[in-house]
Protein chains: 2
Amino acid sequence: MREAHQNQNSAPRDAYERDGAAIYARSFAIIRAEADLRRFAPDEAQVAVRVIHACGMVELAANLRFGPGFVATTRNALRRGCPVLCDSEMVAHGVTRARLPARNEVICTLRDPRTPDLARRLGNTRSAAALELWGDRLGGAVVAIGNAPTALFHLLDMLAAGAPAPAGIIGMPVGFVGAVESKQALEAYATVPYAIVAGRQGGSAMAAGCLNALASEAE
Amino acid sequence: MREAHQNQNSAPRDAYERDGAAIYARSFAIIRAEADLRRFAPDEAQVAVRVIHACGMVELAANLRFGPGFVATTRNALRRGCPVLCDSEMVAHGVTRARLPARNEVICTLRDPRTPDLARRLGNTRSAAALELWGDRLGGAVVAIGNAPTALFHLLDMLAAGAPAPAGIIGMPVGFVGAVESKQALEAYATVPYAIVAGRQGGSAMAAGCLNALASEAE
């Protein structure tokens, strides 16, 4: 509390770091010093650092899991220009366009005018129904799910029904109903390379952070 | 693992909850059953539930702090039509427009073409510089900071220099450099009603969840 009260006369505020590059560098150094990244391959650790950066929790490393080949496969797909398919506007707006290697399209169909009708017809959420509008862009894409468990469940149903496989799936929906189970289902499916945050945690910032790490190796 | 493997033959997936309203209701019931909300006033608890919903962590309740009058003051301001000023596109896109009581404007100036020059001139990040473009919309607004500590620091400097006070500040920047300190500084400033997530945690989803809870009492 003493430190907090000192801030009232604005002296400590004058000292805060204002340089964006320095903030990133110091943040990533802190994460690498504090997080237990030993069970990750070097390319996975790079992704883990950015997901941790997005949520402020080094403990998250314990819940982060990668399917075999996830980082290499999705990085190659992005370099070849595949689209990024997002379940929410927040994920889409968290993708740093300047990091994308091939001016990749970033697509979210949640607000497409056809989505509400599709949702009624399917008897599912709008988040799930929106995936139907990805169409033939799904094959070879990188999918980033950071909000709705129903979107991840529905994606798995689409794949089981023969939809073309994406290059990889970022499975990081968040919440109390279906999040745990949808990520278990993605891990069990195992046919497509995946990254998940096991448990209830997840969210659009983590999903976007994961995508941003895949898009460029620059820290 | 047994449960996860059963998902491969799609039977458990068939059973997942597909009704959006039911998902919300069950989620909020779980949060109210598991989270320790006893130290909050009823209107604060309503906000806490939605912030917890955004991150999937009932433990977050312990880090959530409200200044006196925060919920009532910001709800009144929103009802009177004040703008919502956001530090990031992710926060702005997390605000559910249908919940806003007065078709309130939701503003993020981060991508304004003037922002990069302003940042160079100020010797600060673009996130901080963008606040200079809020202009006379700041007085009486609800500010939602869910990304950059530098934006929160700079807001406090603007207020100390005589900028018109907002109705309330959602101070939920995330990260390893400045997040803790900027939220301590907001708490110490204490002149404007605030909500913070103490510590490194925070983020655009929590800030947007907080705003969405203020915008409407509907769960």
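1. On a 1 Å grid over the protein atoms alone, a cavity is a set of points where a 1.4 Å probe fits but cannot get out, while a pocket is an open set with protein on both sides within 12 Å along at least five of seven lines; a lining residue has an atom within 4 Å of a point. Grid points are joined across faces, edges and corners, and a volume is the space filled by probe spheres set on the points. By these terms the structure holds three cavities of 30 Å³ or more.

2. This is a predicted model, in which local features need pLDDT of at least 70 and side-chain atom pairs count only at pLDDT 80 or more, while totals for chains, interfaces and linings use all residues. Residues are numbered from 1 along each chain as its sequence is written, chains are lettered from A and ligands numbered from 1 in the order in which they are written, and side-chain values use heavy atoms, with hydrogens and water left out.

3. Chain A has eleven helices and six strands; helices (H or I, at least four residues) and strands (E, at least two) are DSSP runs, numbered from the N terminus. Its radius of gyration is 18 Å, close to the 17 Å that the globule rule gives for 219 residues, so chain A is as compact as a globular protein of that length. That radius is taken over C-alpha atoms, and the globule rule is 2.2 Å times the number of residues to the power 0.38. The C-alpha trace of chain A spans about 60 × 35 × 30 Å along its principal axes.

4. Of the 219 residues of chain A, 61% count as buried. Buried means under 20% relative accessible area, exposed over 50%, and partly exposed in between (1.4 Å probe, protein chains only). Among the contacts in chain A with a separation of 6 or more, 65% join residues 24 or more positions apart; contact means heavy atoms within 4.5 Å.

5. How are the two chains related? Two copies of a chain are related by a rotation about an axis and a shift along it. Here a rotation of 180° with 0.0 Å of shift along its axis superposes chain A on chain B, with an RMSD of 0.0 Å. That is the relation of a two-fold axis. In chain A, the C-alpha nearest the axis belongs to Met90(A), 2.5 Å from it. The superposition is by least squares on the C-alpha atoms of residues with pLDDT of at least 70 in both copies. The copies meet through the same surface, because 100% of the interface residues of chain A are also interface residues in chain B.

6. The largest cavity holds about 180 Å³ of space. Its lining has 18 residues, of which Gly202(A), Met206(A), Cys55(B), Gly202(B) and Met206(B) lie nearest its centre. Helix H4 (42-55) and helix H11 (204-215) of chain A, together with helix H4 (42-55) and helix H11 (204-215) of chain B, are the elements that give two or more residues to this lining. By class, the lining has ten nonpolar, eight polar and no charged residues. Ala, Val, Leu, Ile, Met, Phe, Trp, Tyr, Cys and Pro count as nonpolar, Asp, Glu, Lys and Arg as charged, and the others, Gly among them, as polar.

7. The second largest cavity holds about 50 Å³ of space. Residues that line it include Phe28(B), Arg50(B), Arg75(B), Arg99(B), Glu217(B) and Glu219(B). H4(B) gives the most to this lining, with three residues. The lining divides into four nonpolar, two polar and five charged residues.

8. The second largest pocket has a volume of about 1300 Å³. Of the 43 residues that line this pocket, Tyr24(A), Thr96(A), Arg126(B), Ser127(B) and Asn147(B) are the closest to its centre. Elements that each supply at least two residues of the lining include helix H3 (20-34) of chain A and helix H7 (115-122) of chain B. The lining divides into 15 nonpolar, 19 polar and nine charged residues.

9. Two buried residues can be looked up directly. Thr74(A) lies in helix H5 (residues 70-79) of chain A and is buried, with a relative accessible area of 0%. Not counting residues up to four places away in sequence, Thr74(A) touches Val142(A), Ala167(A), Gly168(A) and Leu214(A). His154(B), in helix H9 (residues 149-160) of chain B, is buried at 9%. With the neighbours up to four places away in sequence again left out, the residues that His154(B) touches include Tyr16(A), Leu122(B) and Glu132(B).

10. Which backbone angles deserve a check? Phi of Arg103(B) is near 45°, a positive value in a residue other than glycine. Arg103(B) sits in the loop between H6 and strand E3 (106-107) of chain B and counts as exposed, at 81% relative accessibility. Phi of Ala190(B) is near 60°, also a positive value in a residue other than glycine. Ala190(B) lies in the loop between helix H10 (179-189) and strand E6 (194-197) of chain B.
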